[in-house]
Amino acid sequence: AAYAYEIDVTDMWEEFKKLKEACGYKISFNTILMKAMVEGLKAAPRLNAHIDYNYTASCGKLIIKKHIDVSMPVMLDGGETFPVKVCGCEEKNLRELQQEIDEVTYKMKNTNIDGVLFDLVIQRTVGFLLKGEIVKTVAQSVAGIVGKHKIGTLGGFFKKNTTDGEAALKYYQLNEGTVCFSNWAGLYDGLRGFETTSPLLYPQVFMMGVGGFIEKDFAYRNEKGEIDLKTRKMLPVTLTFDHRIGAFNDVIPFMKKMDEIFENPEVIKEW
């Protein structure tokens, strides 16, 4: 299920500009939005979870995660997009979160992705094997190593300098996070609509999708009792959640926290 709504970010944008000038480090509004999402998840822990579902029995279990590891899509120069995991966001302040985002983005663009994906396939195959899941073990092996869409392995000097170096991603950073944050406006700032629904990154149960700013004129009654107009900066946001975990009431604590943050934007000074 998905719920689309608009957040009035006019006041938050002004606070962000003040913070950007005074903080002494590079900060983006995207990081403000991710931090707000993290605070919302603290209030709604059932959304920061993985689901293990048995379609045959039509039942499953929800595994609530201790840490908030955000999957954040990064687009490479060739146009390919991969979700990279930003780990332990619940413990990071704004500066630390911005540094982590910059670091994983830099590493993603300086990594031979095939080499890391090969390592990821090996680790997942071993994981299935240790759990005794023979069918999944064989399927993963065929698909990742000898299948039609196999991932080629790299070796020698080239692999060392593209998958093992300090400037390269590790396989676990491409594993699924606990939640997904997607800012489509980062790819095209001319966006003027809502994201409707997006497939969740199984086993995740929640995703927050952000569009581009839209300036809208609103009529209101001023102090003199006269009708006046004001322009507000609105941000379209879509919350997608897995309906198997429950109803919309699981999302309400998240939205209340988001409302509280954007109605009191000075809170970012404490972040």
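**Close-up views of a predicted protein model**

**View 1. Phenylalanine 206 and its surroundings.** Beyond its neighbours within four places in sequence, phenylalanine 206 is in contact (heavy atoms within 4.5 Å) with Leu41, Leu47, Val179, Cys180, Leu200, Leu239, Thr240, Phe241 and Phe254. This is a predicted model, where local features need pLDDT of at least 70 and side-chain atom pairs count only at pLDDT 80 or more, while totals for chains, interfaces and linings use all residues. Residues are numbered from 1 along each chain as its sequence is written, and side-chain values use heavy atoms, leaving out hydrogens and water.

**View 2. The largest nonpolar core.** A nonpolar core is a set of buried (under 20% relative accessible area, 1.4 Å probe, protein chains only) Ala, Val, Leu, Ile, Met, Phe, Trp, Tyr and Cys residues joined through side-chain atoms within 4.5 Å. Of the 54 residues in the largest one, Ile32, Val70, Phe206, Met208, Leu239, Phe254 and Phe262 touch the most other members. Helix 2 (residues 29-43) gives the most to this core, with eight residues. Helices (H or I, at least four residues) and strands (E, at least two) are DSSP runs, numbered from the N terminus.

View 3. Look for alanine 49 opposite isoleucine 64 in strand 3. Four residues lie between the strands, and serine 58 takes a positive phi near 55°.

**View 4. The loop with phenylalanine 248.** You will find phenylalanine 248 in the loop between strand 9 (227-241) and helix 7 (252-263).

Notes
Two strands pair if DSSP finds at least two bridges between them. Buried means under 20% relative accessible area, exposed over 50%, partly exposed in between (1.4 Å probe, protein chains only).
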